[in-house]
Amino acid sequence: MKSFAVTLTLISILPIIGNAYLEPDKSIESFEEGIPVDMAANGGSLTLDTNRMKHGKQSVKWEWCGNDRIVFDTPIGYRKQRKLTGDSASLQHVDPDAMEILEPPHGFFMWIHNDEPRPQRIRFEFGRGDEVDCWFDYNLNFKGWRTVALNYDRGDMKGLPREDMTRLTINTPNTGSGTFFIDTIGLAVPMNPRTVNPNPQLPDIDPHARLVSQYEHCLYEFSKLTPTFNLEPLTDEIVADFRALEKQVMPYWFPESERATWNDSKIKGVEKKVAKLEIVRDGDNIYGRPLVFGNIMKEYFSETGIPKDELYDGVMNWRYDYCGTLFQIARAWEFTQSADNKAKLEAMFMDVFDYGIDQGMAAGAGLGWIHHYAYIIREYIPALFVMREPLERHGRLDEAIRACKWFSGFNQVYREDQVYGYEGRKANDADDMQGLLTLRLLTPMLMKDSPEKARDLKHFSSYFSNVSTAYANALDETFKPDGTIFHHAGHAYGYGGRAIYGSARTFDILKGTSYQASEDAAHRIKKCARTYFDGLFTKEKIAPKAFASIRFSNYKSAAQFADMLDIMGEPYEPLNGYRSLPYTCVGLKRQKNDWMITARTHSKYVYPFESWGKSFFAFPLFIANGYTDVSYPESLDSLSPGGEKPIWHDGIDWRRYPGTTSVRLPYEDIATRVGVVRDEGGEYLFSDQPFSGGVETSYGCGVHTFKFKGHDKYGLESFTGNKSWFFVGNKVVCLGSDIQSDIKQHAVETTLFQTHLSSTDEAITLNGRSVSDFPLKKKLGAKKATWLIDNRGTGYYVPKERINLTRSEQTNPQFQFEGEASGNFATAWIDHGKAPKDAGYEYVLVADTDKAEMKAFAAKPSVEVLQKDSTTHVVALNDENATAYAVYAEKGAAFEQGAVKSVNKQSTFIVKREGDKLRLSVADPDLNIYDGQEDLLPDGTRGELSIYEREWFFWPSRSTRVQITLAGEWKVEELVAPMETVKTQPEVLSFKDGKTVVEVLCRDGLSTEMVLSK
């Protein structure tokens, strides 16, 4: 086994802010080379021990009495956060020297084992000689291993740390005696302040200010909550429900198909896994290989210089080696029919369970796990559930229940009025939903039949219906009123799909009992599941780039999610119509499995992209500036290669996403710059414009709008304009107006398409003529209309604009900005020139078309642009006998022609004539969550804020009143699609002077539809 003592440099003294920063001899001391000469016990004895350790082969055993202490004279190594330099360039797509990005703060880390719980504390002091500069107390209310982890300068310690501190003193309680084991002291190691959490050992740590509902921040607070429902006597019906729940749980972890194929020979494999843990009992003591969560090693130990392949040498993994082994024992115990094997497995299970308790898998444990608890314990609680009878026989059941309640955060369900610590919040973290919902349900099912068990199940069921599956506001998680699913404060397919599955699975377990979910909860789960599938295409069920997951890598749905709606009793039927998704600013038109058109934008409330460092995508700056693309069964989108895990075609011009309007800046100027805001490793840049989204109809038409403004971080504050999309049939009318830019060096462009050519002779169609010339560079005039069909079968009708068309090899940066990549593409775009004023465009996209259809459409267009200016875009959809409106003016607009005479505010709506009736569909795309602009600096420019610390993170959308004045006298005959999140539905306000005013109360960017009659 490799030694874990890593020598860095000799002590160096650097003058910083009046102090002398003293660099330590070692980043971490793990005692593999013995007890340091500068560490001594003032009372008691220090010896090396090879039975208990958390890393390496040994730890320090400290047998102490009251008022004993350890003094460790060595430079502490604490330093204030510094700006990252070029040495950290591997973290960035661009030169970090050009940005103010701070390194992680440094904190103190240590593993400690206590021989018995006691109502006392030890004190850790840091200072210079006998002068104490900062300190903290650590509660000894535990037995076994725990992790000490806290920051120096985030208020976690008392006093004021100094960079020239040279002594650590560990003070025992004033009375008593005992034994501590200490392993791996990190005097000053990089520490993620978002994940340093309070626990019963360190209760005074303030949780990070993040408003994200990452539940491990709240474990300690959850543990303090108590039931609010009254105890009620058990009835035969309730006991029958207990048995029904137990029966309905089993198939999810212990399916009958596995029972049918079980063979006791598999027990040998289980025994091998248990043997690797090297568990030894010695009286009341139990020893074994150390259990460690990998992220602790990766993050806290990042400055040790230990090679990655040696970092985990000698340690076992919490999930796979411990929780997974427990689960395998439990499965074998459940499936075997041999009494002897059951007894043997039961003994193994108790050894592993007790070993885990000693390693820290116990109620109240602060283990310093960085994040994603849910992934770690997903096998743990099911194992304890199936072994509840053996646990009771061995007197361990209560301890197991307490551990399950702690690690699953079960007590959260006791308070519905205060969610994740905030009153009025309704939310459930997506990680929590996919990993913990069913585990929380299993927790009270471990209990013996009792009124307490019934009360806990009632609490769980109520919380599941009223909070977990409620629509979350603003940036909060997970379910949204439009059916989208949130994680990381944005639409997230990968996390969200797992969250829907977790909720559907929980719904299925509860059904048919008195604890079943409410009808409203079932409706919300179904809506989000349908929306999830609406945006996935091809047989592989993949999200195209224009409706991709965060970070813009295509998400492929997991096979087990395919039956989510079957579980809910409503098998999925592919969408044949239009969806407006305001919480992710997407307009989506789909003709079942034939094709799907998506348009993506962003807003003041919806960020355009999530970017993370150099290993992720480098060029998303313009990706949500109107990215419009078509998916086909054999071709997911223009920019993704085929296969199950498409990323990007080589050679893409990252400033020409289809449908977007962008500035042709150098790549160095558009590569992402993450980590600029406090404690965040990502980049999330909102617009300051609230008007993005649109209206949907029952007959498949829709409007999507986008009022855009570039972000100051990239010098794009002068880049503004209005864009709109009008969907009808397989056509989309794409309009732009008021496009402005003060950037004189670089042109502004609107891209029609950029499609990869699998071969240089793969043709496109231009005005009916097949074009396969390669290379080709052509400018098409605006004297007459032009129509094209790209090599994927998508048509473009351009009535007025000058078009640039190329078929050529393109060489551009690789998608992570690591060198260059080349590929062959056909590209068409409209050049608005440098620093345009009031520029615009107009074209029609036609999905799944051919020469005959395009020729006929060009000869007689079935759509007509009636208005395109700074106040309004209006399009006649002649095939539907409808007129569609996108009104940008804040105070509304008046119209001389048509049934609509005026509207009072910004809005989108479509009016369709049906004989002597009108069908009116209305939406206000503005989510209207807060007033003003939150990120303005004193000089009027916009700064970048932390995504998770925005005060409106969980504020509700506020309703607005859209008043539409119609020619003639009308009444609401039928409400086809109510506005789901408001109580007051559309109504006629007045009849006057031959006009009717219809008022629609709008909220959450949702649409409503009504039929009006005379």
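Leaving aside neighbours within four places in sequence, alanine 835 is in contact (heavy atoms within 4.5 Å) with Ser741, Asp742, Ile743, Lys744 and His746. The model is predicted: local features need pLDDT of at least 70, side-chain atom pairs count only at pLDDT 80 or more, and totals for chains, interfaces and linings use all residues. Residues are numbered from 1 along each chain as its sequence is written, and side-chain values use heavy atoms, with hydrogens and water left out.

**Alanine 835**

- Alanine 835 sits in the loop between strands β38 (820–834) and β39 (839–846).
- Its relative accessibility is 22%, so alanine 835 counts as partly exposed; buried means under 20% relative accessible area, exposed over 50%, and partly exposed in between (1.4 Å probe, protein chains only).
- Serine 741 is 94 residues away along the chain from alanine 835, yet their C-alpha atoms are separated by 4.6 Å.

**Strand β13 and its partners**

- Of the 14 residues of strand β13 (residues 177–190), 13 are buried, so the strand is largely enclosed by the rest of the structure.
- Strand β5 (residues 59–65) runs antiparallel to β13 and is joined to it by 6 bridges; two strands pair if DSSP finds at least two bridges between them.
- Valine 60 has isoleucine 182 in β13 as its bridge partner.
- Strand β7 (residues 106–114) also pairs with β13 in the antiparallel sense, over 7 bridges.
- Opposite histidine 113 stands phenylalanine 181 of β13.

**The whole protein**

- The secondary structure comes to 19 helices and 51 strands; helices (H or I, at least four residues) and strands (E, at least two) are DSSP runs, numbered from the N terminus.
- A compact globule of 1014 residues would have a radius of gyration near 31 Å, and the protein, with 32 Å, agrees with this; the radius is taken over C-alpha atoms, and the globule rule is 2.2 Å times the number of residues to the power 0.38.
- Along the principal axes, the C-alpha atoms fill a box of roughly 95 × 75 × 55 Å.
- Buried residues make up 63% of the 1014.
- Among contacts between residues at least 6 apart in sequence, 72% join residues at least 24 apart.

**Surface and charge**

- The protein exposes about 37,300 Å², and carbon and sulfur atoms supply 47% of this area, computed by the Shrake-Rupley method with a 1.4 Å probe.
- There are 119 positive and 141 negative side chains, and the centres of the two sets lie 4 Å apart.
- Lys and Arg count as positive and Asp and Glu as negative, while His and the chain ends are not counted; each charge is placed at NZ of Lys, CZ of Arg, CG of Asp or CD of Glu.
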